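Please have the sequence and the model at hand while reading.

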Amino acid sequence: MSAENISSNKSFGGWHKQYSHHSEVLNCTMRFAVYLPPQAATGAKVPVLYWLSGLTCTDENFMQKAGAQRIAAELGIALVAPDTSPRGEGVPDDPEGAYDLGLGAGFYVNATQAPWNRHYRMYDYVVEELPALVESLFPVSGKRAISGHSMGGHGALVAALRNPDRYTSVSAFSPISNPSNCPWGQKALAAYLGDDRTAWRDYDASELLARAKQAPPMRVDQGDADNFLPEQLKPEALSAAAEKAGLPLELHMQPGYDHSYYFIASFIEAHLRFHAQYL
């Protein structure tokens, strides 16, 4: 397994680096970013927090806007941020050029429908291929946590709920909590998985949590001034699912905050310290 280093910047005593590599799972060249804290230079293997970004984003949004490196350096946690979809020549996009399907909108599912199924297997990429690559290239341990924002919050919750033994903890900012019942989710899941709604359940955090027997520790933060809150995000469905399953969920409604990276930057330290308890 190999990757090409395409940028490198020192930050808080550690290093932020971007890499490109060929993905067998996605059948294209992918880019990801990694922040290696100063502890990684001592020979010690550090745990990893995987961050999944939202619609229209790349690896750069979180690494440049969240301000996570300072706390990650203090706590000795590596950060890994993949892209949000496959990219490149021949990778299909929404024919109407919409932002919520296709490029930048992989939804972290394994597509089963043409033309998406040849490339759009972001679930396998995030859960299996990328961690295997990261763990082969960098001084990191097998301890993993996962987090994300919006579409990426959905992806993080789904990955953790389907693989509770793979992640020590999971957190999300403004996640699409019940994609089977919101416009963003319905459009993407129908395109990628087909019209059989039973197939959608494996990629719906509220559906997964409601029937879960176990789950890693979970934290969700949601701004109450988020324009997407009532129609798209539906944290109440996730809360009801946790209650039904009898599993703990920290749901923090944050007054006055919206859907932006100003919100994420305000609470990223709390999320990193949450994960540090378990990593």
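## A charge over two rings

In this predicted model, the charged end of R162 sits over the ring of Y203, at 4.8 Å from the centre of that ring. R162 also lies over the face of Y123, where the distance to the ring centre is 4.2 Å.

## Aromatic pairs

A pair of aromatic rings is described by how far apart the centres are and by the angle between the planes. With centres required to lie within 6.5 Å of each other, the count comes to 14 aromatic pairs. One of these is formed by W51 and F173, whose ring centres are 6.0 Å apart and whose planes stand at 55°, so the pair is tilted. W51 and F173 are both buried.

In another pair, the rings of W116 and Y120 have centres 5.2 Å apart and planes at 85°, so this pair is edge-to-face. Both W116 and Y120 are buried.

S180 is found in the loop between β7 and α5 (183-193). Is this residue buried or exposed? With a relative accessible area of 5%, S180 falls under the 20% limit and therefore counts as buried. Leaving aside residues up to four places away in sequence, S180 touches Q186, L189, R197, W200 and D204.

## Helix α4

Helix α4 (residues 151-162) has 12 residues, and the distance from its first C-alpha to its last is 17 Å, close to the 16 Å expected at 1.5 Å a residue. Of the 12 residues of α4, 11 are buried, so the helix is largely enclosed by the rest of the structure. Among the buried residues of α4 are M151, H154, L157, V158 and L161, together with the glycines G152, G153 and G155.

Rolling a probe the size of a water molecule over the atoms shows where empty space is left. The structure holds 1 cavity of 30 Å³ or more, and about 40 Å³ of space lies in the largest cavity. Its lining consists of L52, Y108, M122, Y123, V126, V127, G155, V158 and A159. The elements that give two or more residues to this lining are α3 (122-137) and α4, and the largest share, 4 residues, comes from α3.

Methods: Residues are numbered from 1 along each chain as its sequence is written. This is a predicted model: local features need pLDDT of at least 70, side-chain atom pairs count only at pLDDT 80 or more; totals for chains, interfaces and linings use all residues. Side-chain values use heavy atoms; hydrogens and water are left out. Rings of Phe, Tyr and Trp (its six-membered ring) pair if their centres lie within 6.5 Å; planes under 30 degrees apart count as stacked, over 60 as edge-to-face and the rest as tilted. Buried means under 20% relative accessible area, exposed over 50%, partly exposed in between (1.4 Å probe, protein chains only). A charge sits over a ring if NZ of Lys or CZ of Arg is within 6 Å of the ring centre and within 35 degrees of the ring normal. Contact means heavy atoms within 4.5 Å. The expected span of a helix is 1.5 Å times one less than its number of residues. On a 1 Å grid over the protein atoms alone, a cavity is a set of points where a 1.4 Å probe fits but cannot get out, and a pocket is an open set with protein on both sides within 12 Å along at least five of seven lines; lining residues have an atom within 4 Å of a point. Grid points are joined across faces, edges and corners, and a volume is the space filled by probe spheres set on the points.
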